[in-house]
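Me: I would like to understand how the words used for a protein model follow from their definitions. Could we go through one together, term by term?

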Amino acid sequence: MTRRKVIAGLCLLFALVAGPALAETTLRIGLAEDPDLLDPTLARTYVGRIVFASMCDKLVDISPELDFVPQLATEWHWTDDNKGLVMKLRQGVKFQDGEPFDAAAVKFNIERHLSLPGSNRKAEISAVTGVEIIDDQTVKLVLSTPFAPLLAALSDRAGMMVAPNAAQAGAEFSAHPVCAGPYKFVQRVAQDRIILERFADYWNKDAIHFDRIEFLPIPDSTVRLANLQSGGLDLIERLAATDVAAVEGDKKLKQAQITSLAYQGITINLANGPKAQNPLGQDPRVRQALELSIDRGALNKVVFNGLFEPGNQWEPPGNPYHIKDIPIAGRDVAKAKQLLADAKAPHPTVTIMVPTNPETLQAAQVIQAMAGEAGFDIKIEATEFASSLDLAVKGDYQAYLVGWSGRTDPDGNIYNFAACKAPPALNVTHYCNQQVDQELNAARTAASQSDRVAHYAKVAEHLLNDRPIIYLWHPKWLYAMTAKLNGFTPYPDGLIRPQGLNMQ
Amino acid sequence: MIAFLLRRLALLVPTLFFVSVLIFGLQQLLPGDPATALAGEERDPTVIAFLRQKYHLDQPLPVRYGLWIKGVLQGDFGESIRIRRPVLDLVEEKLPVTGELALLAFVIAVAIGVPAGILAAVKNNTAVDYGATMAALWGLSIPNFWLGILLILLFSVQLGWLPASGFVPPAESLKQNLLTLIMPAFVLGNAIAAIMMRHTRSAMLQVLGADYVRTARAKGLTERRVVLRHALRNALVPVVTLGALEFGALLSGAVLTEQVFTIPGFGKLIVDAVFNRDYAVVQGVVLCTALAYILLNLLADVAYVLINPRLRA
């Protein structure tokens, strides 16, 4: 054998050995924030849910059309009295540490959500009083009262299952989370990166095409995009609306978008302390005038390049729970002026507290100009977000331009902001209307979607006239990615699901 | 020298005590309740109550200060409420990152600032001097975050030479590490180079007019020797102080640059902690930074004495 042949042979051998290593594929995702605790029971941030979507499967998932679809549970049904949810579990599922997923694991997880100190899930599933194990692959969630939003909760963090043994091991679980999803946790460097690697025994492994996923929190949207443009990232979330055109003009990139479940609006102090004592807080005609002075379409065009969805309800148009009979009222400055005159407040002064986010501040300025034409003297109070939250809870505000990130079930978008018994930390307007309460409670217990929509329509009749919140727009989830990335589907909940994602 | 060092070290204790009170007190002035900020969008009252109790937020201020200081004295700086990690772990993780960035920025600042200052002084009132002064003015006036974004757009997006942001530890890949740090280090070093240039220039101008320099020239020494051996050594005294202070400022002041380039260092840690009302992290990081600052000042004083033997008396 000549020396040349030996070298060629060695090269071939090296290529065979090194081949798989070189072929390892990594998907790098740019996040807008650094997630908080990586424990589904304790976690609270939206961005954390994006990481969970790759790591922790849920009992049920949602489709892009917001239907519930199987994930760890393959089928389910409500008991006749609607006080029990029976779920059949997927067979052969393993947690990332090898522990089998079964009915006992579901019982452990639901009980953990309900009992772990500091649990952020307890309130979401508080109607559950216990979990009965019917057999290894069947559980029954027992409820104190019918609670329709439960399934939606189980399609989010409350439905994520962590490995019982790992969760009971004693060490800080959030530092080494173990779930039953497609990728397992490898490493986290705070504020820098979260690294996950493919879980070989994932039940749906054929849908997974990347070996690793790296999440990199990059708060500045310009820098996030620059990283994508320079090839440092493959996919970014929360692309700035003003950057969509740049992405569309770049052949190496593409974008995806979907209307979110979130809303943004003006929350008005109606009864939360002395600051509510002003024409806006006390007279519904002044609130109606403010709403009529705003042109939502123009606001959307000016601030968001027309990309977002104008709205007048807590659910976006197109959502099954959007009340179609109540369309967005057009701008009517003359009527607004008349209403102010009737309320004997032709030039009311309104201070709007606005979190220090450039887009929201810009929207506030547009509102200021529009409402000014109707006679309002709007003063903008730019306040850092955590401080604004504190002031709102204390009632130290007149109006607050703020949003809600949205929930799959409509109950999550309305109950805590409008019910008399809602936590005062959320219902910061202290709005309370017995008829609204009655309908909200009825919508919680009604089983069919059509019944629930009927109750929410009645809620809307009252609420949209009382106007504790003037709903303005629904943001869109905007993503940008390398043109080589295939299989990306945007979902209304904004989460990035790794199933089906692959690189050309 | 030893007595001097001991005296200075003894002064550390009251200084740090004062700093600790200041950090703790100032932080309380921040509006916004940490428990509400950390309870998430849901703001569940039971979660808020749990967080208040767990992190002693329901205790009076002096008790909370006492608990914190007691922990600090035992080497326990508390834990981050947001991610439940010990503050010291975070400091240990972030300090080398900011330290490396600061060092690189400092090297860039000295490499540009000192020679430019010498040159401007030697070529006083010439085009070289004006050019250097103008460049310094530019360096001082240009905002870090703006320069940072421009550099990213040029070197990462347009030319594709450098990564746009992030950090790779040197142990993982030294080349990648330097590639990620070169832009932020230049942005940071650029402003300090300007300050250094101006200080070196004025110190040199003063020294170059001194009698002993004239004597040195009269002795027939070359201009190069006069400048580098005789003038520079004396001119460097204020520059060294400035250098130490600026290095301290770099450790705590890389805030904007770290934000723009997403470098997981001290600056980013502290900004995120302030926004999240993660009190223990803010307190721990500021205390460590203050300690570093004080120690660097001490080092500057020692360097003074070493450079200028007349101060030893």
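Me: How many helices and how many strands make up the secondary structure of chain B?

Reply: Chain B comes to 13 helices and zero strands, where helices (H or I, at least four residues) and strands (E, at least two) are DSSP runs numbered from the N terminus. This is a predicted model, in which local features need pLDDT of at least 70 and side-chain atom pairs count only at pLDDT 80 or more, while totals for chains, interfaces and linings use all residues. Residues are numbered from 1 along each chain as its sequence is written, and chains are lettered from A and ligands numbered from 1 in the order in which they are written.

Me: What is the confidence in chain B, and where is it lowest and highest?

Reply: On the scale of pLDDT, which is the predictor's confidence in each residue, from 0 to 100, chain B has a mean of 84, and 97% of its residues reach 70 or more. Within chain B, the lowest confidence is in helix α10 (residues 223-253), at a mean of 77, and the highest is in helix α4 (residues 61-73), at 90. For the complex, the predictor gives an ipTM of 0.81 and a pTM of 0.86.

Me: Why are α5(B) and α13(B) called oblique to each other?

Reply: The axes of helix α5 (residues 87-122) of chain B and helix α13 (residues 279-307) of chain B come within 9 Å and cross at roughly 50 degrees; such axes are lines fitted to C-alpha atoms, for helices over the stretch in contact, and angles run from 0 to 180 degrees between N-to-C directions. Angles under 35 degrees count as roughly parallel, over 145 as roughly antiparallel, 65 to 115 as roughly perpendicular and the rest as oblique. α5(B) and α13(B) are therefore oblique to each other.

Me: How many residues does each chain bring to the contact between chain A and chain B?

Reply: Chain A gives 35 residues and chain B gives 42 residues. The side of chain A that touches chain B has 15 nonpolar, twelve polar and eight charged residues.

Me: How do you know that β5(A) and β7(A) pair, and in which sense?

Reply: Two strands pair if DSSP finds at least two bridges between them, and strand β5 (residues 84-89) of chain A and strand β7 (residues 138-143) of chain A have five bridges, in the antiparallel sense. One bridge partner of Leu85(A) lies in β7(A), namely Leu141(A).

Me: Which strands stand at the edges of the open sheet of four strands in chain A, and why?

Reply: The order in this sheet is β4-β5-β7-β6 (chain A), with antiparallel pairing. β4 (73-78) and β6 (128-135) of chain A stand at the edges, each with a single partner strand, so one side of each is left without a neighbour in the sheet.

Me: What makes β1(A) and β11(A) a pair?

Reply: Strand β1 (residues 26-31) of chain A and strand β11 (residues 235-236) of chain A are joined by two bridges in the parallel sense. Here the bridge partner of Gly30(A) in β11(A) is Ile236(A).

Technical notes. Two residues are in contact if their C-beta atoms, placed from the backbone, lie within 7 Å. Ala, Val, Leu, Ile, Met, Phe, Trp, Tyr, Cys and Pro count as nonpolar, Asp, Glu, Lys and Arg as charged, and the others, Gly among them, as polar.
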